[in-house]
Amino acid sequence: MEKKKKEVKEVKKENKDDKKNIKKTDRVLNNILLIVVLILLIYILFLTGAIKITTKNVKVESDKVKDTNTKVKLETNDDEVQTLYKSVELGRKYEALRHYYFYSEDEVYAKYMDSAFIKEMALSKLTIDNTAKIDASILEAGYKNIVGSNSTYRNRSFETICSYVKYDPDSNTYTVNKNDTCDTTNKDGYQFFDKITSAYKYNDRIEINARVGYAEEEKEKVSDGVYSSTGKTIIKKDMDSATSIGTFSESLDEIKKLVDYSKLTRYKYTFKLENTRYYFYKVERVDD
C-alpha cells in the first residue's frame, strides 16, 4: 500500500516538473517571437522612411594646396613689364651662340646660372669706358637688382664676350679691359628676334611670355664645300630645328612684321616678388 502511494507521488511530481518546463519553453518562444516582431517592425518602418539612418559627415582636407593667387593680365607695353624684360636683355642680345646659353635647357633658374654671366648682365647696364674702374659695390648692386637681394654674390674677376673684368681686393674695385678688336657679330649666320606676347601679375610673381625665332641666311651649294647666299632668310623655330616655318626675301625688320609668332617657340620668364620688387627667377620653354 505504501509502495503504491509512493509511486503516485512520483508521478505527480513528474507531471508538475513537466508543466514547469512547458511554461519555461513557452516564455522563451514568446520572447523570440517578440524579438522577431520588433525586427520586422523596425525593417518596415525603415523601408517606409519613418526611420532614417544618418552618418556624421567627416571633412577630408585635400593634399593639394589651393592656389589663392590672383591673376591680372598686363599690357605687353606696360612699363613694369618692359623694365623686367630688359633687365635680362643680355641673355637675348648677343649673337646666337651667346643667346643659346640663356636657353640652353628647357628650364634655367637664376640661382643655377653662371654668376659671371649675371655680372655681365649687370655690367651691360652701366656706361663705362675702356680701362674704367668700377666700385665693387656698384656692380654688386646691379647684380642684385637683377636676381634679388637674397642672392649669393662674390667678388671675383670674370670675362665677358669682349672684355676682361679684373677684381682688385685692395681697392675693392673692378677694372674693365675692353677688347676693341672684338667682333660681336654672328659668324654662323644666325640672328634671333623676340616679342613679348602676354604678361600676367600674380600675388607673388610676374610672368612674361615671349616668342623667340631664329633667322638664318639661306645658302645654296655651288660646288663641293662651297655655298653661296641666295639673298633670302630662313625663319626657324629654334636653333636645333631643321624645319623652317618660312623663307623670306624681306629684311629682318620686315620679317618681324610678317612672321606668324604663334609658330615660334614660347618662353616664359618668371620674376618673383621680394619685398616690394620683382627679380628674375627663371626662364623656361613652354610647348604649346
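Lys-71 lies over the face of Tyr-200, at 4.4 Å from the ring centre; a charge counts as sitting over a ring if NZ of Lys or CZ of Arg is within 6 Å of the ring centre and within 35 degrees of the ring normal. The model is predicted: local features need pLDDT of at least 70, side-chain atom pairs count only at pLDDT 80 or more, and totals for chains, interfaces and linings use all residues. Residues are numbered from 1 along each chain as its sequence is written, and side-chain values use heavy atoms, with hydrogens and water left out.

**Rings and charges**

- The charged end of Arg-205 sits over the ring of Tyr-202, 3.9 Å from its centre.
- Rings of Phe, Tyr and Trp (its six-membered ring) pair if their centres lie within 6.5 Å, and planes under 30 degrees apart count as stacked, over 60 as edge-to-face and the rest as tilted.
- By this rule there are eight aromatic pairs.
- In one of them, Tyr-109 and Tyr-112 have ring centres 6.1 Å apart and planes at 75°, so the pair is edge-to-face.
- Tyr-109 is partly exposed at a relative accessible area of 21%, whereas Tyr-112 is exposed at 64% (buried means under 20% relative accessible area, exposed over 50%, partly exposed in between, with a 1.4 Å probe and protein chains only).
- The rings of Phe-158 and Tyr-174 also form an edge-to-face pair, because their centres are 6.0 Å apart and their planes stand at 65°.
- This pair links distant parts of the chain, 16 residues apart: Phe-158 belongs to strand β4 (residues 158-159) and Tyr-174 to strand β6 (residues 173-178).
- Phe-158 is buried at 5% relative accessibility, and Tyr-174 is buried at 0%.
- Tyr-109, Tyr-112 and Tyr-281 form one aromatic cluster.

**Sheet**

- Helices (H or I, at least four residues) and strands (E, at least two) are DSSP runs, numbered from the N terminus.
- Four strands form an open sheet in the order β3-β6-β5-β4, with antiparallel pairing; two strands pair if DSSP finds at least two bridges between them.
- β3 (132-135) and β4 stand at the edges with a single partner strand each, so one side of each has no neighbour in the sheet.
- Four bridges join β3 and β6 in the antiparallel sense, and Ile-134 has Tyr-174 in β6 as its bridge partner.

**Helix α6**

- In α6, the residues Ala-136, Leu-139, Tyr-143, Ile-146 and Val-147 are buried.
- Viewed down the axis of α6, its buried residues fall within an arc of 90° (taken from the directions from the helix axis to the C-beta atoms), so they line one face of the helix.
- Just after α6, Gly-148 takes a positive phi of about 105°.
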